[in-house]
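Subject: Handover of a structure and its findings

Dear colleague,

Please find below the structure that I am passing on to you. I would be grateful if you could read the notes after it alongside the coordinates.

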Amino acid sequence: MGFRRAQTMAFAVDEINRNPNLLHNVTLGYSLYDNCIHVKLALQAALSLANGQEKNVKLERTCEGTPSVLGIVGDPSSTRSIAISRVLGLYRVPLVRAMIQILKHFGWTWAGLLISDDDYGVHAARSFQSDLGPIAGGCLAYTEILPWTNDRTELKRIVNVMRKSTARVVIVFAHQSHMLNLMEEVIRQNVTGLQWMASEAWTSAAVLQAPHLMPYLGGTLGIAIRRGEIPGLKNFLLQIRPDLKYNNSNGNNLCRFSPTPAGWIEDGGALCTGQEVLEDEVAEEFLDVSDLRPEYNVYKAVYALAHALDDMLQCEPGRGPFSGDTCAQLQRLEPWQLVYYLEKVNFTTQFGDHVSFDENGDALPIYDIMNWSWLPDGSTEVQNVGEVKRSTVKGEELTLDEEKIFWNFDPKKPPRSVCSDSCPPGTRVARRKGQPECCFDCVPCSGGKISNATTALSLANGQEKNVKLERTCEGTPSVLGIVGDSSSTHTITISRILGLYRVPLVSLLIMCIYQFTVTDNVLSLKQFSNYFPVFMMLRYDSFLQVSYFATCSCLSDRQTFPSFFRTIPSDSFQVRAMIQILKHFGWTWAGLLISGDDYGVHAARSFQSDLGPIAGGCLAYTEILPWTNDRTELKRIVNVMRKSTARVVIVFAHQPHMLNLMEEVVRQNVTGLQWMASEGGTSAAVLQAPHLMPYLGGTLGIAIRRGEIPGLKNFLLKIRPDLKYNNSNGNNLVNQFWEHTFQCRFSPTPAGWIEDGGALCTGQEVLEDEVAEEFLDVSDLRPEYNVYKAVYALAHALDDMLQCEPGRGPFSGDTCAHLQRLEPWQLVHYLENINFTTSFGDQVSFDENGDALPIYDIMNWSWLPDGSSKVQNVGEVKRSTFKGEELTLDEEKIFWNFHPKKPPRSVCSDSCPPGTRIARRKGQPDCCFDCVPCSGGKISNATNSMECISCPEDFWSNIQNDHCVPKKTEFLSYHEPLGICLTVTSVLGSFICLVVLCIFVHYRSTPIVRANNSELSFQLLMSLKLCFLCSLLFIGPPRLWTCQLRHAAFGISFVLCISCILVKTMVVLAVFRASKPGGEASMKWFGAAQQRGTVLVLTSVQAAICTVWLVSASPAPHKNTQYHSDKIVYECAIGSTVGFGILLGYIGLLAILSFVLAFLARNLPDSFNEASPGKYADAVEVFAILASSFGLLVALFGPKCYIILVRPERNTKKAIMGRGA
């Protein structure tokens, strides 16, 4: 049927893909994963998914699968579902409440409960305990755990309880196999007259509806999964065809695909063709789709995922439900985003069932109620007689068709099952001492008092019944405190039940030592010696049982375990302690090996959540070690370790796991690993054998805190057995220990013991002579020290309670607790507030989760030169209320099993130094990355920076990209070659002007000077000199005054220069015109005064332009960061482009031929303007000034100076006039 459920999922996916109205343009895919009914494999897949690795998980020889990334249509088993869901989320079932509604309907307030010893049964027991009273006013007559095996003794005891009880209703929350074993004993004792109520696990079990069982089970009322219809499923199943490329040689079919196993054909085996007809061969049950129950749930689950995806795809960008109003993207979809939409799905199936999820992730529950009818012909029929459902409006609703119900009683009507009848009006309830609240007497009201209502109160089961532990172990749980089990898994089971009563459970230990005989030596002396001091200390300190050893972090959940305390640190701190060691040595890349139980699973969860945030590390792999010596699985795990680059291996498992693993490690000779052990294996002497030390030498382990208990050794030596007690059928631990240690028996001895040469115990044997040294060695007390602290914790709590002053107590009405009427929850209050220091100096107090202040010793396995080994303390990890977690290590004492003798390196990627950033490698854990140098202008100044940060605007990254430095400021400087050249040229030009001026002054009376209008020539030379000097304003760092003067001064000087040229030209033209007949009148406009006035007016216009420009939008210094990203160009911003344009335009009007190109270039875009890059813009402008100035200087005054200095003979009026002609 599991195959049909898997195919139902495939059918639903196929149907959705063909539906145009759902997930349009999106095709769903799926992977079928078989956990082969193994919790370990379910956990392995869940851890793989949580780890972010979608790796193939080897299940069995023929089972492989890849966990789905976004959604899992899950396991039918609660235990495996819990194992997966504890890693991926949480779960909850309303089945118990449905059964309670039936109890309430028929008035059955007194019922027995039988459960399976797994999560399915334990959770049901908790729900019945908490809900039966408040909902139905009922309580449980007994609660029994059904054994997994056919344990005749235990089953006989349970059926005796059922037979003797007055409860006529028996609720069974277990599996078909449990019921088969139980019914054998029910038939044997012929227990009839019971009304059975079945959970969905066995309601439809046909094997229990056999004719010989119906006299007992007829009339059973059972809860069944809702039946549904899936049109088209049968045709889909008939179309299934195998993949002929897949060889199923390891399967269990009646045929085999080619290539077949060796000898298959020869032995008459058939060859599979893939054309076999399903309808001919397959059992009718497989193709019967008339009673689809689990399959219908699978169908709804697939559609729920599809509707969630469809709703997600309808999201409008900018109006999404996630951070920044974003939507989820199908290509980058995260599972938690799909969870958001799953929480909001709301649709109706074709069968008419409404599907949505409540705040706990539960669909609106609905169950069919089934009844087992025993027909007259001896056959049976299971029929639907009603339903229980919960709606959002009406809550829980029960619908029953009582006329259809078959009752296996005479008369045919429901039985009565109450402990006490309701008290009628006129009476009151008087509870029976020591019995549940459903059991009471009705006492008439005394004179003057009345009661006018019927009363029947109930409370959870309060019986202190004997709990059968093993063959020879019986005990009654302590009312006030229990010292708990050394196994976390057992602890969880007990604490979940005890938590309902708030019985304080201090680090759980309920130990049952097996029977010790010559033929039944269950525990070795070594194992027994480890446990025995614990029991002796209980007797030494107090009769109360308080202990030490359950470490599962799940027990810190105060909601689930409200009365749990412990004196050993939880695994969550143990994990954090190990992470502190990893962080100390810089080991960011490690492998994790765990056991497939609560101890390992919760540790794996803690590592997954804490390793990254605390130590910046991650797990290279997470593997679950098998309980058995599974060579294939162990070989695969060791191969993973060998191929991995992680050199550190963390083991959170038990000694048997490590022994099996090390056999394979030795076989493959895997050395060079740094092992880290949890407290479960740190002190395992068997692992410190010489042949293992080449591999395990240097191991660092976490160990329970060592303590000292003065007087314990003397107490152990004074132990004497009770000679009056025969241990053959009892549980006197001292007597059992005595018989095992001295290989004798107390009188009366078993039959034939003396005859076979067996010794008789006298009680006077000397322990020191016979007992192994380990038992009496109290120098290394670790679990025992926790027991000691636990007992003292209870003692201090009781002592604090006895100090309470009446009227000032902590309870209702300021009352105190009384020792004679002490309730467990009152002791819990005082346990929560204890604070004392042991004689060894350790502080003991409990936090809000019931955990003591944690402290662990750090142990190191030294491999000595003589081949022996030594486990030594090299530090400690502890948490204090003020400083938090503290790690102390004496590194000089640590033995490293490497060459050279120093810690190994274990990283996936080396740390990225400052100046680089981390670039994640796609598809690999966060610890695996590349180091990418920061780009220009960005830096990282820390190791392993995730991002490079940009430098401020005026700064740039240095060569190493690890810090910002001020950007280099660039301007045309007097100290650089270009600036020097321009300065020299400018000064040279100015000097030449001065020389020319001197020449003209000296030769002012010569014809050539006089002929060239000496006054204008002097003005022109002065203006050219100013032009040369103006270029100096463009060199050096820009200042406000230089920026304001450079363009204005040059503009005015140059206009003065050109004005002089224009006037000279005009004068020359006028002179030549005057030399012609009738032209004498024109000279009156070009007299000396007119020449000066013209030059002045033309120059004043430019001066006015410059004045307006400087007043309205003055040029100013500006640090330009746009030209170059790595430096600042310090320049003068011209202020107003219009003003500068008018200035140049005016010059162009006066000398269009000289300045047209400069004017056009000034207004070209930067990409075409070669003058734009930085300081070279100033240089270009200086070149322009100098070139134009030199051009004018040479063109105007070069020939004249040539004649004056070189050809003086031509400096005559005659020569000039002749040339002029």
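Predicted model: local features only at pLDDT ≥ 70, side-chain atom pairs only at ≥ 80, totals over all residues.

Residues are numbered from 1 along each chain as its sequence is written, and side-chain values use heavy atoms, with hydrogens and water left out.

Eight strands form an open sheet with mixed pairing, in the order β23-β22-β24-β25-β26-β31-β32-β33. Strands are DSSP runs (E, at least two residues), as are helices (H or I, at least four), numbered from the N terminus; two strands pair if DSSP finds at least two bridges between them. At the edges stand β23 (618–625) and β33 (884–889), each with a single partner strand, so one side of each has no neighbour in the sheet. On average, neighbouring strands here are turned by 25 degrees against each other, direction ignored. Strands β31 (residues 855–863) and β32 (residues 869–880) run antiparallel and are joined by nine bridges; W861 has V871 in β32 as its bridge partner.

Helix α18 (residues 631–643) packs on this sheet, touching β22 (589–595), β23, β24 (648–652) and β25 (674–677). Contact means heavy atoms within 4.5 Å. The direction of α18 makes about 165 degrees with that of β23, where axes are lines fitted to C-alpha atoms, for helices over the stretch in contact, and angles run from 0 to 180 degrees between N-to-C directions.

Helix α18 also packs with helix α19 (residues 655–668), at an angle of about 60 degrees and with the axes 9 Å apart. The two helices are therefore oblique to each other (angles under 35 degrees count as roughly parallel, over 145 as roughly antiparallel, 65 to 115 as roughly perpendicular and the rest as oblique). Residues in the contact include L634 and I637 of α18 and L661 and V665 of α19.

A second open sheet, of three strands with mixed pairing, has the order β40-β42-β41. Strand β40 (968–970) runs parallel to β42 (residues 1127–1133), with three bridges between them. In this pairing, E970 stands opposite V1129 in β42.

Lastly, the whole structure holds 35 salt bridges, each a side-chain nitrogen of Lys or Arg within 4 Å of a carboxyl oxygen of Asp or Glu. One of them joins D131 and R97, whose closest N and O atoms are 3.6 Å apart. This pair links distant parts of the chain, with D131 in helix α5 (residues 119–136) and R97 in helix α4 (residues 95–106), 34 residues apart.

With kind regards
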